[in-house]
Amino acid sequence: MTEHSETPRLDAELLMAKALAVPRETLLLGRLDDLVPDGFEALLARRLGGEPMAYILGSRAFWTIELAVTPAVLIPRPDSETLIEAAVGHFRGATGPARILDLGTGSGALLLAALSEWPQACGIGVDRSTDALAVARVNAARLGMAERATFMRGDWAEALAAQFDLILCNPPYVEEGATLSAEVMREPHAALFAGADGLDAYRVLAPQVTRLLAPQVTRLLAPHGIACVEVGSTQAPSAGALFAAQGLAVDVKRDLSGHDRCLVLRLR
Ligand SMILES: C[S@@+](CC[C@H](N)C(=O)[O-])C[C@H]1O[C@@H](n2cnc3c(N)ncnc32)[C@H](O)[C@@H]1O
């Protein structure tokens, strides 16, 4: 397992807990003497074959919520919590966002994390993948947020004509042909790759954030709102320039590792 994992003991414990159908804590506190349960060998074989833990376990923690994940969705990353942190910081002490948009919602991670922060808010999650949208709907239902979260198929914000106080977006941003680990390559390629320089999604998104919603003289992003857009650790200058060219003010937030991770965009 060490060939594929930096946490082989933890992985083994989680797989054993899954095979026993108990929480890992129960396993550690008292079930260590049980016989190896049926199913453990099969789970281990999947892990040794390089399948990500989140796909085997079928879930991943993100922010304060637990999300179902399948191979139809990107596995939510802790780095993406930087977007939620930035949004929470922006709205601290003020009325929270009433309407939230999550572009490229995948498992629904960003939208549902944001809705968990602002119980009065509602939101829309857009994705091009119908399989991903099915997972997002399951997550919204499990978290009791189905009435506040609408999921729709679309090409970024192209078909939207409403205004949002908070726009969240973690688009694909890896350059085509980049070498990724075999484990990451099991995730949907449409969630990873964005053209020769990794910036293709930003090129489409930048004009959409400031787009006028005809016939009203309003824009997708509300006047006092923000858009939080994830970037690769070296992309803040290049992606930021694309949004700045649309007249947006651009700040950069770093993730917990100190890497540039989130563009915070405001209308000027
Ligand atoms: C990097 S994943 C992010 C998933 C999720 N928001 C997260 O942070 O875990 C990017 C998502 O964008 C979706 N996507 C790619 N191209 C798209 C497009 N043109 N319109 C809408 N969604 C798109 C992919 O299907 C994928 O779910």
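This is a guided tour of the structure, stop by stop.

Before you start, note that this is a predicted model, in which local features need pLDDT of at least 70, side-chain atom pairs count only at pLDDT 80 or more, and totals for chains, interfaces and linings use all residues. Residues are numbered from 1 along each chain as its sequence is written.

**Whole chain**

Show the protein chain as a cartoon. It has nine helices and nine strands. Helices (H or I, at least four residues) and strands (E, at least two) are DSSP runs, numbered from the N terminus. The radius of gyration is 20 Å, close to the 18 Å that the globule rule gives for 268 residues, so the chain is as compact as a globular protein of that length. That radius is taken over C-alpha atoms, and the globule rule is 2.2 Å times the number of residues to the power 0.38. Along the principal axes, the C-alpha atoms fill a box of roughly 65 × 40 × 35 Å.

Of the 268 residues, 39% count as buried. A residue is buried if 20 or more other C-beta atoms lie within 10 Å of its own, exposed if 12 or fewer, and partly exposed in between, with C-beta atoms placed from the backbone.

**Two domains**

Colour 8-50 and 71-267 separately. These are domain 1 and domain 2 in the domain assignment. The bounds come from an automatic or database domain assignment. The domain centres, taken over C-alpha atoms, are separated by 35 Å.

Select Ala 21. This residue sits in the loop between helix H1 (8-20) and helix H2 (24-30). Most residues other than glycine have a negative phi. Ala 21 is exposed, with 9 other C-beta atoms within 10 Å.

Move to Arg 47 in helix H3 (residues 40-48). Is Arg 47 buried or exposed? Arg 47 counts as buried, with 20 C-beta neighbours inside 10 Å. Arg 47 and Leu 15 are 32 residues apart in sequence, but 8.9 Å apart in space, C-alpha to C-alpha.

Next pick Ile 56, in helix H4 (residues 53-57). Ile 56 is partly exposed, with 18 other C-beta atoms within 10 Å. Leaving aside residues up to four places away in sequence, Ile 56 touches Leu 15, Leu 43, Arg 46, Arg 47 and Glu 51. Contact here has its own cut-off: C-beta atoms, placed from the backbone, lie within 7 Å.

Strand E1 (residues 59-62) and strand E2 (residues 65-68) pair in the antiparallel sense over four bridges. Strands pair if DSSP finds at least two bridges between them. Ala 61 stands opposite Glu 66 in E2. The two strands form a hairpin with two residues between them, and Trp 63 in the turn has a positive phi of about 55°.

**Helix H5**

Go to residues 81-91. Eight of the 11 residues of helix H5 are buried, so H5 is largely enclosed by the rest of the structure. Among them are Leu 83, Ile 84, His 90 and Phe 91. What do the buried residues of H5 pack against? Their partners are E1, H6, E6, E7, strand E8 (248-254) and strand E9 (260-267). Just after H5, Gly 93 takes a positive phi of about 80°.

**Strand E6 and its neighbours**

Select 164-169. Six of the six residues of strand E6 are buried, so E6 is largely enclosed by the rest of the structure. Strand E3 (residues 99-103) and E6 pair in the parallel sense over four bridges. Leu 101 stands opposite Ile 167 in E6. E6 and strand E7 (residues 221-230) also pair in the parallel sense, over five bridges. There, Cys 169 has Val 229 in E7 as its bridge partner.

Step back to Trp 156, in the loop between strand E5 (149-153) and E6. Trp 156 has a positive phi of about 45° although it is not a glycine. This residue is partly exposed, with 18 other C-beta atoms within 10 Å.

**Around the ligand**

Finish at the ligand. Of the 22 residues around the ligand, Gly 104, Gly 106, Arg 128, Asn 170 and Ala 191 come nearest. Helix H6 (109-117) and strand E4 (122-127) are the elements that give two or more residues to this shell. A residue counts as near if its C-beta atom, placed from the backbone, lies within 6 Å.

How values were computed
Contact = placed C-beta atoms within 7 Å.
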